[in-house]
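Let's take a friendly walk through a two-chain model together. Have a look at it first, and then read on.

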There are 2 protein chains.
Amino acid sequence: MLPVLSVSLRSKSAMAQAQSDPLPSWNDGATKASILDFVARVTTQNGPYFVPVDQRIATFDNDGTLWIEQPMYIQLAFALDRVKAMAPMNPEWKTKQPFAAVLDNDLKALAASGEKGLVEIIAVTHAGMTTAEFEKIVTDWLATARDRRFKRPYTELVYQPMLELLAYLRANGFKTFIVSGGGIEFMRPWTERIYGIPPEQVVGSSIKTRFEIKDGAPTLFRLPDINFIDDKAGKPIGINEHIGRRPIAAFGNSDGDLEMLQWTTLGASGARFGLIVHHTDAEREYAYDRDSHFGKLDVALDAAAVNKWAVVDMKKDWKRIFAFD
Amino acid sequence: MLPVLSVSLRSKSAMAQAQSDPLPSWNDGATKASILDFVARVTTQNGPYFVPVDQRIATFDNDGTLWIEQPMYIQLAFALDRVKAMAPMNPEWKTKQPFAAVLDNDLKALAASGEKGLVEIIAVTHAGMTTAEFEKIVTDWLATARDRRFKRPYTELVYQPMLELLAYLRANGFKTFIVSGGGIEFMRPWTERIYGIPPEQVVGSSIKTRFEIKDGAPTLFRLPDINFIDDKAGKPIGINEHIGRRPIAAFGNSDGDLEMLQWTTLGASGARFGLIVHHTDAEREYAYDRDSHFGKLDVALDAAAVNKWAVVDMKKDWKRIFAFD
């Protein structure tokens, strides 16, 4: 056989294998099998578990489920960076908490400022501009900010196996949504490019806005008042408000996702799928659960066992974590 | 020519004509031409006004734009019917306003109870049950309730030209949304069947809900507290919250739609389209505008002239109003 033909045949065979395995970054095992089995059930026409395409709704948490959330939520890193960027125009922050703590990189003092301090930081960094201005601030920040450990843009710190899962579900007629405790406007500028999820399929926390016409151009001005917290029991409420029907599959990683998984899987007829991503790989990513400050997974981990939700053991179930691995 | 062949040829020709005219219930004229022209512009690849498919967002008001709103909003007719249906279990309503007014068909006394009375009626008829229970109540009511004038189910009192417009936009890659002052949960049970618009593309007013697990089954319980009013300046806010990008086309019929049309058409680059349905046909439907109690069209009619929004003259522009005409 000519070498060139041999190469061509080998790459064709690799292609065929990739086509036959829609989740190439997942190791074979019970978790992967449970996903494939669920999708086969709900897409088998005339089967007992068939679900029409328009009802194939799948919801995904974002932080810790689709991208990293350690050593702190990426949106918090954004807020702290914004405080530093805005400091020259706010000289009084040098001696005023919680801002002084941020400027001094004093995370202990920052923690001491508690939720009240955090709300103040969110207010000055997330409100006081139009929605269009905020979108530009987020986009510009993401283009330059780098994670300290991985030295990468945050939008590269997304889990390759989950990207494959999103694509696999969509290829099988699912409509994929993000349902995150994070800010809805913080996610929308990039979710379509990174996850293939358009703005109208992003559900998240939000602040209030005010409609104004300025110099003939209509704007929405972001106000320092909470509109909705899309976390814990807020997730089913946000899902109902935005989607208007119950998902048949939900994917999360923390106690904040418990009620979303309950709303998706419990007391419903037909096939339902719940999955928890368990961070068990300190070497390639992070290992944390019941005691973590960000993405605490405790009650939902026990509920997974009771309710037969799949639990991803990242170390064991994922061949690679990131696309660059 | 054999008669059967002649018939066959004629019906083929009629089919061809219908295929070539995507808006057969619209009379030829400036309004229809402006719609066709806009769609041609934004779908012409390499043209100066081309808009990628994912940005082809079109928003439609519901009451008075897609279905009738006279002699009162259909959702108000629903609420009044519900008071009557619930009266046997609430004997005290016989002497208690605003309920006595409803039971006596005393619209004058009902009007005298003002917004406070209306809020009380909405609270008892729209809250105090789960979202699933409310969906069933709405569905059952729509199956049996009839409009007094047309003696038809309300879901037949939808405007045939607008159904054609929805289908035409979707055939050209648009994603169509409802953005209505009406209750989001009042619309979702039937918008997919009647308009081809799925629940996740319906934006509307809402009340608060509470997540509960009852006997192992998760529910959302409807509370008598306003969550969001999707009217006037609320419409751009609702659009931003649910859709996350500005529409390129918006369709309304009253002052409640003014800000939605402004948000869609003003201060934006590229082709934008705004349209107002003007109710001018007392014979086939209703004629009303500046002085109407429901669907008042005053400021937005003046704004249409200034901003070059299309204005449908229902009497002149629509060949027929309803499918049964």
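This is a predicted model: local features need pLDDT of at least 70, side-chain atom pairs count only at pLDDT 80 or more; totals for chains, interfaces and linings use all residues.

Residues are numbered from 1 along each chain as written, chains are lettered from A in the order in which they are written, and side-chain values use heavy atoms, without hydrogens or water.

**How the copies relate**

**Helix packing**

Two packed helices are described by the angle between their axes and the distance between the axes. Here axes are lines fitted to C-alpha atoms, for helices over the stretch in contact, and angles run from 0 to 180 degrees between N-to-C directions. Helices are DSSP runs of H or I with at least four residues, strands are E runs of at least two, and both are numbered from the N terminus.

Within chain A, the axes of H3(A) (residues 74–86) and H7(A) (residues 131–144) come within 11 Å and cross at roughly 100°. That makes H3(A) roughly perpendicular to H7(A) (65 to 115 degrees; under 35 is roughly parallel, over 145 roughly antiparallel, the rest oblique). Contact means heavy atoms within 4.5 Å, and the residues that meet include Phe78(A) of H3(A) and Trp141(A) of H7(A).

Between the chains, the axes of H10(A) (residues 234–242) and H9(B) (residues 184–195) come within 10 Å and cross at roughly 60°, so H10(A) is oblique to H9(B). Asn240(A), Glu241(A) and His242(A) make this contact with Ile184(B), Glu185(B) and Arg188(B).

**Two side chains**

Arg284(A) sits in the loop between strand S6 (273–278) and helix H12 (299–307) of chain A. Arg284(A) counts as partly exposed because its relative accessibility is 23% (buried is under 20%, exposed over 50%, partly exposed in between, with a 1.4 Å probe and protein chains only). Lys32(A) belongs to helix H2 (residues 30–43) of chain A and counts as buried, at 3% relative accessibility.

The table gives their polar contacts (pairs of N or O atoms within 3.5 Å; within protein, one must be able to donate a hydrogen and the other to accept it, and residues adjacent in sequence count only if both atoms are side-chain atoms).

| Side chain | Backbone oxygen | Distance |
|---|---|---|
| Arg284(A) | Lys315(A) | 3.5 Å |
| Arg284(A) | Lys319(A) | 2.8 Å |
| Lys32(A) | Trp26(A) | 3.0 Å |

**Backbone details**

Most residues other than glycine have a negative phi, and most peptide bonds are trans. Yet a cis peptide bond joins Gln97(A) and Pro98(A), with omega about 5°, and another joins Gln70(B) and Pro71(B), with omega about 0°. Phi is positive at Asn46(A), near 70°, and at Asn105(A), near 55°. Asn46(A) is exposed at 80% relative accessibility, and Asn105(A) is exposed at 52%.
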